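The exercises below are intended for a reader who has the sequence and the coordinates at hand.

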Amino acid sequence: MSTGKHRIAIDVGGTFTDLVVSNSDGSARTLKLLSTPDDYSRAIGDGLSRLFADGTTDPKAVVSLVHAFTVATNALLTGRGARVALITTRGFRDVLEIARLRMPQLYNMDWDKPRPLVPRRLRFEIEERMDADGRIVQPLDPASVIAAVEKMRGQGVDSVAVCLLHSYMNAAHERAVMELLRQHAPELSISTSHQVLPEIREYERTSTTVVNAFVKPVVDRYLASVEAGVKRLGVEAPLMVMQSSGGIITADTARAFPAYCVESGPAAGAIGAAALGEMLGEANIIAFDMGGTTAKACLIEGGEPRLTDEMEVGAGINIGQRLLGGGGYLVRSPTIDLAEIGAGGGSLAWIDKGGALRVGPDSAGADPGPACYGRGGTRPTVTDANVVLGFLNPLHLLDGDMPIDKRCAEDAIRVHVAEPLNLSVQEAAYGIHSIANGAMTRAIQAVSSEIGRSPREFAMVAFGGNGAVHGATLAAAAGISEIIIPPASGVFSALGLLFARIQHRLVAVFWHDVDKVDCEALNGRARQLLQDASEMMSAEGVPTANTELHLVLEMRYAGQSSELGIPIASPMVTRPILDEATEQFHQEHERTYGYCSRTERVQIVNLRLRARSMDRQDHLPAPEALRTKKAHGASAAERPVYFGDRGWVTTPVIRRTALTEQPRQGPLIVEEYDTTIIVPPGASARAVSGTVRIRLDQAE
Amino acid sequence: MKPDPIRLELMKNAFAAIADEMAATVVRTARSSVIKEAMDFSTGLLDPAGNLVAQGLCLPVHMGSFPPTLATVLKKFDGQIHPGDVFALNDPYLGSGLHLPDIFVFKPIFYDGKLLAFAAAIGHQTDIGGRVAGGNACDNTEIFQEGLRIPPLKVIDQGKPVDAFFDILKLNVRVPETVIGDVQATIAACTRGERALIALAKKHGSDAIVTDMANLMDYSEALTRAEFSAFPDGAWEFEDFLDDDGFSADPIRIFTRIIKEGSDITVDFTGTSPQVKGSINLPIAMTQSSVYACLRSVIDPGLPTNSGFMRPIHVIAESGSIVHPISPAPVAARGLTSMRVTEAVWGALAQMLPNKVFACGAQGDFGVTIAGYRADARPFVLLEFLFGTWGGRPDKDAIDALSSLAVNYSNTPVEIVEREQPIRIEQYAMRQDSCGAGEFRGGLGLVREYQLTGVEEAVLQVRSDRQKFQPFGLKGGHPGANAANRLRETDGKQIALPGKFMRTFKRGERYRAQLAGGGGWGDAFARAPDMVWEDVLDEKISRMSAARDYGVMIGDDGVLDVAGTERLRSARRAAE
């Protein structure tokens, strides 16, 4: 049976490997396997073999293969990457270890700094120096580079990072070092800072380059193994890889710049939410993904997920951490801005010494899991609270695949929360549920109100195993009135990969006060960027005619250290266009920070360019096609649910297929295989193009 | 009535989120490196009576200074506080307790016509006028030399900026664009705080919010008392010294006696030296803040920081002493004394809690100012506070290169300094062998070397310490290496400079700031030889230090000599 051409997405996480196949006849399939951490490519091969085995998916008819992976992140988290040496300017070998001198948590005497990825003995200083304008102060001494190479020998080094001061202004010395390395140690993998991150700030640039060097051989081997496996199965389509920024690149580019892919997996969910929004005509979305141990929020504005300039791998989950930093391995590259918080279904509830009820960040994990799973867990979790409150099926989940023991949930809450706080079990359970909501609200605020966006102007797309249980309540707290529950919630991130487009982001330093800008110089710089982008896109197989360009001036008040991006139409800037951009900058500053200052000097710092393929997925999998298997565990037609102030309310329970375009009033529970949707009293739900849309009455 | 434990947790997070949101606003909108890169500022939310409800993720030793400062505003403007007002001040003797460069701003938050709270921020300004750029000179002898003194003033009157304030400020500072921009950043943060708290009040009602604030402070107090109660009762003493005040060569004694009784802790500084001629006098509010930071670090880091936490803590400091100076004593460089106070308090706490507290770090607050005029007559001011490293801990090594826990200050990127200033930084690195040896060694001190490149001459002003008194070790651990100041003149001649000095800095001269190292913890001869070897391989310590300080032999081939090590170590055992 032919299903036409196939597009396949593969999302490899720490626990599960998800595959989604979208066929040109509109049909689709999903597959969920356990990941194989000893060799992540194995689960991919197994999954694809299973898809190809029954003949509905033909390897020769696969036209696109998009992949999100966690190998780079894992290498960083476990410390199992390359043996890296660093070459840097005389006087600065400790920049990597000194870092920014700050720790992410105040007052913690027991804190430990992340171990530098390059030990001091492998950080080598060479003779050379540029000044801040890129002028050579001291010429490069090749002998000092060769001496460093000699010292590396016998140390097991397989990857070298090169980061010289001010190389973002003049890369001549870094290029010369690269040449010397190629001559004298051709076996070494090389990462240079002017290629990985041509931006000011030596620690940030060094760290990003070192991360790249650290994961490069690992990612290289991994992607080679995936590509070989895929080829063996007869697939000819090139392997594409998701970057942290949400764009895809060829596996070859990813192998050279793996630092751009450390947040590959989480980016996919945000891209999926943005694409779903586009299908449904919603350009402004807060994507909310709640799983077992964490919840993540992301802002999508005008159809584009918001990006952040940098992130830290292994920094732990803490919103405040975003401000102080220092807790992990810093990577500065465009990354979809996710606020993550340690509240998921498995998060444990506990009472602190001051008698306050707390939830997370410790989690019961998959083993033993929540008490209600009956696998030996005795401490109460958010899922236990949801079972006690009737939000989750008190008998079984996953359509009967997973039995639930409500008594265990009640016991855990009684012993650990209700009795010590002198509350009833339901009050205690509702407390756990509410505190988890409070923490997740914090994540939503971090991506909206904290940057001057009112959540009221956004719809929420809620996914992940627990997204639809909490989504409506969270939306109510944040003032959001429209919630969209996508199909295939549990594999939604994999689905998101199908919507990603080939993309490159480029940056050029252009440091000038706006009123002193020479427009021709600016245009020249911009044209150079456009040409570079065009070459890079051609290398990915995207012709210039098919490339969409987005050029941005990064502007700020003189002396500030963070910029706001103001788009310009083309590299044909004139004085009036610059004046208009400056006015837009003032307005954006007012919107984001609550004030602007029209009398102050405004600077341009960088030109940024996003080049993106105009090719989109030409067909979307029909959401109906993504329905997972049929129910076999019978559900009650109604059950009591505890809605806080309203007390226990008898609530109808229906299957997702029973929901139509005709709105149904809450309270209502909609169940499907891996998702439970809570429609609170006062809200209504209806089915729209395969999604469930919940509308809240947000009385002002 | 016992507050609802669920609501308490929710509101705790909500208030903390507001204070952090304010902090993020300061970072994103500030102009100076000292605020945006090093993060020398704080944000807070206070109740109408002036109690601290929440503090942003910023500078710990600012913590105790919001309440007394707001108190002076409340007193002066009683009955004249309206929506849209903003108040500012900086004078340590009229309330602030910090020093003149730290400008405080407060914005009252009204809802339903009722005063709900104050949003507050402190920003360390790059310059505040006075005789030396940067506002940190050690050789001032009275506060009048230290810059513009701002009494509690209304600087925005019901939404309308008071031009007189901004005009006077602009005229008195060397880098007005930067200073005005930074003051605006702190005001913007307060406006953000106001917006966010009003949104919260809309949802919960203003009365409920006021009650929540009170409950949250009671909760912090209860948590703090529970922790203190678990500590042993008793009294512990410790003394440490500052080298000098920059005028006389006399050491300055910081003496502290900690008395723990039930759930209260008293920290008594009686016996500490009198106030000094030079500007390292520490105003009482910052003495208290320094104590708070130390005690905060020996209890649960997750506890909400607010006035409730401060209630069980009592500070005794004699008026007229260096930790409670009387006007017009100069205070500009009081940061050095604040660090020494924290070190003395930790020293005493280490006796009370020997398995918890670290040895003395090289806390720093090593201030470097290089200022002058460019060829086109534009002024420049480089203002940097250098911090170093921690002391060895009871169960593990110090962290090399980390700011004092009491300030959590960051550094300024070398490339940013070189882009913005006519200065080149020649080195920023760790100093080999500067760590105090111990079973768990102290951290390595840092070195930063400056060369003047873009102008003919500038003023170089440094305030530093620890040239005579090293950071102490604990339980037999060695002290960390001394700090030093070195200057290489254009003819190549090296000279040593004292801890506190001001001089002309000529093009081509190199000034080298060497920070002290951290003290070690425990007997260095008990340190695992492998760990010593690793440090030698990393060139953090020399082979000579390995043999002398740790009794560990590393052969010429760089390999650990097990037999040689055993010989060295047993020889010392025999000698004991």
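What follows is a set of exercises with worked solutions on a predicted model.

**Exercise 1. Describe the overall build of chain A, and decide whether its radius of gyration agrees or disagrees with that of a compact globule.**

Step 1. Begin with the secondary structure: chain A contains 17 helices and 35 strands.

Step 2. Turn to the dimensions. The C-alpha trace of chain A spans about 80 × 60 × 55 Å along its principal axes.

Step 3. Compare the radius of gyration with expectation. A compact globule of 700 residues would have a value near 27 Å, and the 26 Å of chain A agrees with this.

Step 4. Consider burial and contacts. Of the 700 residues of chain A, 54% count as buried. Among contacts in chain A between residues at least 6 apart in sequence, 68% join residues at least 24 apart.

Step 5. The assignment for chain A gives domain 1 (6-75 + 220-261), domain 2 (82-211), domain 3 (264-343 + 438-497) and domain 4 (503-515 + 541-613). Between the C-alpha centres of domain 1 and domain 2 of chain A the distance is 33 Å.

**Exercise 2. Carry out the corresponding analysis for chain B: how many helices and strands does it have?**

Step 1. Chain B comprises 13 helices and 22 strands.

Step 2. The radius of gyration of chain B is 24 Å, close to the 25 Å given by the globule rule for 576 residues, so chain B is as compact as a globular protein of that length.

Step 3. Taken along the principal axes, the C-alpha atoms of chain B fill a box of roughly 80 × 65 × 40 Å.

Step 4. In chain B, 62% of the 576 residues count as buried. Of its contacts between residues at least 6 apart in sequence, 73% join residues at least 24 apart.

Step 5. The division of chain B is into domain 1 (5-221), domain 2 (358-524) and domain 3 (529-575). The C-alpha centres of domain 1 and domain 3 of chain B are 53 Å apart.

**Exercise 3. Examine the largest nonpolar core: which residues have the most contacts inside it?**

Step 1. The largest nonpolar core has 393 residues, and those with the most contacts inside it are A:Val84, A:Leu86, A:Ile286, A:Ala297, A:Met460, B:Val105 and B:Ala120.

Step 2. Helix H1 (residues 5-29) of chain B provides the largest share of this core, 15 residues.

Step 3. Take A:Ala297 as an example. Leaving aside neighbours within four places in sequence, its contacts include A:Ile286, A:Phe288, A:Leu338, A:Ala443 and A:Val447.

**Exercise 4. Consider helix H14 of chain A and helix H7 of chain B. Why can each be described as largely enclosed by the rest of the structure?**

Step 1. In helix H14 (residues 467-478) of chain A, ten of the twelve residues are buried, so this helix is largely enclosed by the rest of the structure. Among them are A:His470, A:Thr473 and A:Leu474. After H14(A) comes A:Gly479, with a positive phi near 90 degrees.

Step 2. In H7(B), twelve of the 13 residues are buried, so H7(B) is likewise largely enclosed by the rest of the structure. The buried residues of H7(B) include B:Gln288, B:Tyr292 and B:Arg296.

Step 3. Check the geometry of H7(B). Helix H7 (residues 284-296) of chain B reaches 18 Å from its first C-alpha to its last, close to the 18 Å expected at 1.5 Å a residue.

Step 4. Locate the packing partners. The buried residues of H7(B) pack against helix H3 (66-76), strand S10 (264-268), helix H8 (307-310), strand S11 (313-316) and helix H9 (335-352) of chain B.

**Exercise 5. Determine the surroundings of B:Ile399: with which residues is it in contact?**

Step 1. B:Ile399 lies in the loop between strand S13 (379-386) and helix H10 (414-420) of chain B.

Step 2. B:Ile399 has 19 C-beta neighbours inside 10 Å and therefore counts as partly exposed, since a buried residue requires 20 or more.

Step 3. Leaving aside neighbours within four places in sequence, B:Ile399 is in contact with A:Asp112, A:Lys113, B:Trp390 and B:Gly443.

Terms used. Residues numbered from 1 in each chain as written. Chains lettered and ligands numbered in written order. Predicted model: local features only at pLDDT ≥ 70, side-chain atom pairs only at ≥ 80, totals over all residues. Core = buried A, V, L, I, M, F, W, Y, C linked by C-beta atoms within 7 Å. Helix = DSSP H or I, 4+ residues; strand = E, 2+ residues; numbered from the N terminus. Contact = placed C-beta atoms within 7 Å. Domains from an automatic or database assignment. Rg over C-alpha atoms; globule rule 2.2 N^0.38 Å. Expected span 1.5 Å × (residues − 1).
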